[in-house]
Amino acid sequence: RIMGLPREHPENKQFLRRPTLSGHVQLQDVAFRYEKSGPDAVSGVTLDIRAGERVAILGRVGSGKSTLARLITGLYAPDQGSVMMDGTDIRQIDPADLRRNIGMVLQDAWLFSGTIRENIALGDPSATDEQVLEAARVAGADEFVATHPMGYGMPVGERGELLSGGQRQLVCLARALLSKPRVLLLDEFTSSMDVQTEQKLIERLPLILQKQTLIVITHRTNLLALVDRVVVIDQGRVISDGSKDDLLNTKAAAAKA
Ligand code: ATP
Ligand code: MG
């Protein structure tokens, strides 16, 4: 029912069908503010993330990282500029196609009161049991599910409150991986996990990622192992964008000086 929400397909709007995207993400001079009279949460952001690239977005608390995530996934539309996928403004792309091609774990990731299986399959109600199991295994959600008597039929409670914060994140990650999306966007997706669980994911994710574009938003430097490029955001603007090695070398040099 969520998938068919009417306002996604306003009658007078013709969407472009883009069933398979390659995962090229571009932001062009993007600005967004939450309130009309308020400050810009992000402004002047121009980014070109090629298909298959692995990028981290770093920045202090409140710098605009999650806002960028919401813009890239089409949850919010920019007030200025545009967000494009494979060269097409995402506002023109059929929302169902966009959703199938972008897997996301948002910082305020949510579950609904169904079972684990239903929560993982949310993005694709036609998913088979094997696909759900595979996604759960890769995300690392299978371990705690396997020890519960009801397994994947276990209810997660209202907004997932019967699970721990880390378990909720594992289920959200499984959901994001289910459709093997071309773009995987992970916003603080390990913030409630213990170091060991996080480390296992850092080792496992690259094995299952093939040509997907990966965008990781994080405060945790160990997640940089997943990426080759680092974009730093401050006060809603991009203040640095380059290879991870360059960034780490500059940091090391600054520390020596
Ligand atoms: P953190 O590292 O804490 O997750 P962030 O970089 O993700 O921070 P954002 O969540 O993008 O930061 O917030 C950027 C700015 O936008 C902040 O000043 C914040 O107060 C504001 N903001 C974020 N979400 C909302 C909202 N739903 N309504 C109004 N303002 C918001
Ligand atoms: Mg955030």
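A polar contact is a pair of N or O atoms within 3.5 Å; within protein, one atom must be able to donate a hydrogen and the other to accept it, and residues adjacent in sequence count only if both atoms are side-chain atoms. The model is predicted, so local features need pLDDT of at least 70 and side-chain atom pairs count only at pLDDT 80 or more, while totals for chains, interfaces and linings use all residues. Residues are numbered from 1 along each chain as written, chains are lettered from A and ligands numbered from 1 in the order in which they are written, and side-chain values use heavy atoms, with hydrogens and water left out.

**View 1. Backbone atoms beside ligand 1.** For Gly62 the distance is 2.8 Å. For Gly64 the value is 3.0 Å. For Ser63 the value is 3.1 Å. The protein covers 63% of the 630 Å² of accessible area that ligand 1 has on its own. Such areas come from the Shrake-Rupley method with a 1.4 Å probe; for residues, only the protein chains shown count as cover.

**View 2. The shell around ligand 1.** There are 13 residues around ligand 1. A residue is near a molecule or strand if one of its heavy atoms lies within 4 Å of it. Gly62, Lys65, Ser66, Thr67 and Gln107 come nearest. By class, the shell holds 3 nonpolar, 7 polar and 3 charged residues. Here Ala, Val, Leu, Ile, Met, Phe, Trp, Tyr, Cys and Pro count as nonpolar, Asp, Glu, Lys and Arg as charged, and the others, Gly among them, as polar.

**View 3. An aromatic cluster of Phe32, Tyr34 and Tyr76**. A pair of aromatic rings is described by the distance of the centres and the angle of the planes. Rings of Phe, Tyr and Trp (its six-membered ring) pair if their centres lie within 6.5 Å; planes under 30 degrees apart count as stacked, over 60 as edge-to-face and the rest as tilted. The count by this rule is 3 aromatic pairs. Phe32 and Tyr76 are stacked, with 5.2 Å centre to centre and 5° between the planes. Phe32 belongs to strand β1, and Tyr76 to the loop between α1 (65–72) and β4 (80–85), 44 residues apart. Helices (H or I, at least four residues) and strands (E, at least two) are DSSP runs, numbered from the N terminus. Phe32 is buried, at 7% relative accessibility. Tyr76 is partly exposed, at 31%. Buried means under 20% relative accessible area, exposed over 50%, and partly exposed in between (1.4 Å probe, protein chains only). The rings of Tyr34 and Tyr76 have centres 5.8 Å apart and planes at 85°, so this pair is edge-to-face. Tyr34 sits in the loop between β1 and β2 (42–49) and Tyr76 in the loop between α1 and β4, so the pair ties together parts that are 42 residues apart in sequence. Tyr34 is partly exposed, with a relative accessible area of 40%.

**View 4. A charge over a ring at Trp110**. Arg175 lies over the face of Trp110, 5.4 Å from the ring centre. The rule asks for NZ of Lys or CZ of Arg within 6 Å of the ring centre and within 35 degrees of the ring normal.

**View 5. Positive phi at Asp29** **and Arg159**. Asp29 is not a glycine, yet its phi is about 45°. Strand β1 (residues 25–32) contains Asp29. Asp29 is partly exposed, with a relative accessible area of 38%. Arg159 is also a residue other than glycine, with phi near 55°. Arg159 is in the loop between α5 (142–146) and α6 (165–178). Arg159 is exposed, at 60% relative accessible area.

**View 6. A side-chain contact between Ser43 and Arg237**. The two side chains are joined by a polar contact of 3.4 Å. Ser43 lies in strand β2. Ser43 counts as buried, at 10% relative accessibility.

**View 7. Sequence and space at Leu224 and Ala56**. These residues are 168 apart in sequence and 6.8 Å apart in space, C-alpha to C-alpha. Leu224 is in the loop between β8 (213–217) and β9 (229–234). Leu224 is buried, at 6% relative accessibility.
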